[in-house]
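Colleague: I have just opened this entry and have not seen it before. Could you take me through it?

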Amino acid sequence: MARFTLTRRSPLPPADAWARLTAWPRHGDRVPLTRVGVVRGTGRAVGDVILARTGVGPVRFDDPMEITALSEPELCRLEKRGRVVRGHAELRVRAVGAGSEAVWAEELRIIGLPRLFDPVVAFAGRVAFGRVLDHLLTSATD
């Protein structure tokens, strides 16, 4: 599996950082050709499902993620259960000084892609999800 961890510090209080990290539709703002939304539940409880849909027209794939652990405002674990992407992601927030620290740790496997490409997948994940994390923690909410 490709593994990567991203850490960002923010002047935001932990509750505000958490609210931004779990504003699921905003995750798609910085991932090209991707829309993200809640398809089961509210996106705030164990068992809820978040769906990232990537593609153009009929050429697309879905990345359904079920929330399997939630300790608000500190931890959200998502299990990736798609036909193309498997694995899990953990989002964590903690107080640091007057602000907060957000950690995004992910392990993913692209079905059909040899493990030889795991370093490339991890690099792409760091770039793509780093942009998402930066965007979520620095841009104003709607």
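**Aromatic rings and pockets**

Modeller: Phenylalanine 4 counts as buried, because its relative accessibility is 4% (buried means under 20% relative accessible area, exposed over 50%, partly exposed in between, with a 1.4 Å probe and protein chains only). This is a predicted model, in which local features need pLDDT of at least 70, side-chain atom pairs count only at pLDDT 80 or more, and totals for chains, interfaces and linings use all residues. Residues are numbered from 1 along each chain as its sequence is written, and side-chain values use heavy atoms, with hydrogens and water left out.

Colleague: Where is phenylalanine 4 found?

Modeller: Phenylalanine 4 is in strand S1, residues 2-10 (helices, H or I with at least four residues, and strands, E with at least two, are DSSP runs numbered from the N terminus).

Colleague: Which residues does phenylalanine 4 touch, leaving out those up to four places away in sequence?

Modeller: Phenylalanine 4 touches Trp104, Ala105, Glu106, Leu108, Ala122, Gly125, Arg126 and Phe129 (contact means heavy atoms within 4.5 Å).

Colleague: How many aromatic pairs are there?

Modeller: The count comes to 2 aromatic pairs (rings of Phe, Tyr and Trp, the last by its six-membered ring, pair if their centres lie within 6.5 Å; planes under 30 degrees apart count as stacked, over 60 as edge-to-face and the rest as tilted). Phenylalanine 4 and phenylalanine 129 form a stacked pair, 5.8 Å centre to centre with 15° between the planes. Phenylalanine 4 lies in strand S1 and phenylalanine 129 in helix H2 (residues 118-138), so this pair ties together parts 125 residues apart in sequence.

Colleague: And what do tryptophan 104 and phenylalanine 129 form?

Modeller: Tryptophan 104 and phenylalanine 129 form a tilted aromatic pair, 5.0 Å centre to centre and 35° between the planes.

Colleague: Changing topic, what is the volume of the largest pocket?

Modeller: The volume of the largest pocket is about 570 Å³. Its lining has 28 residues, and Val31, Asp63, Lys80, Glu106 and Phe129 lie nearest its centre. On a 1 Å grid over the protein atoms alone, a pocket is an open set of points where a 1.4 Å probe fits, with protein on both sides within 12 Å along at least five of seven lines, and lining residues have an atom within 4 Å of a point.

Colleague: Which element gives the most to that lining?

Modeller: H2 gives the most to the lining of the largest pocket, with 6 residues.

Technical notes. Grid points are joined across faces, edges and corners, and a volume is the space filled by probe spheres set on the points.
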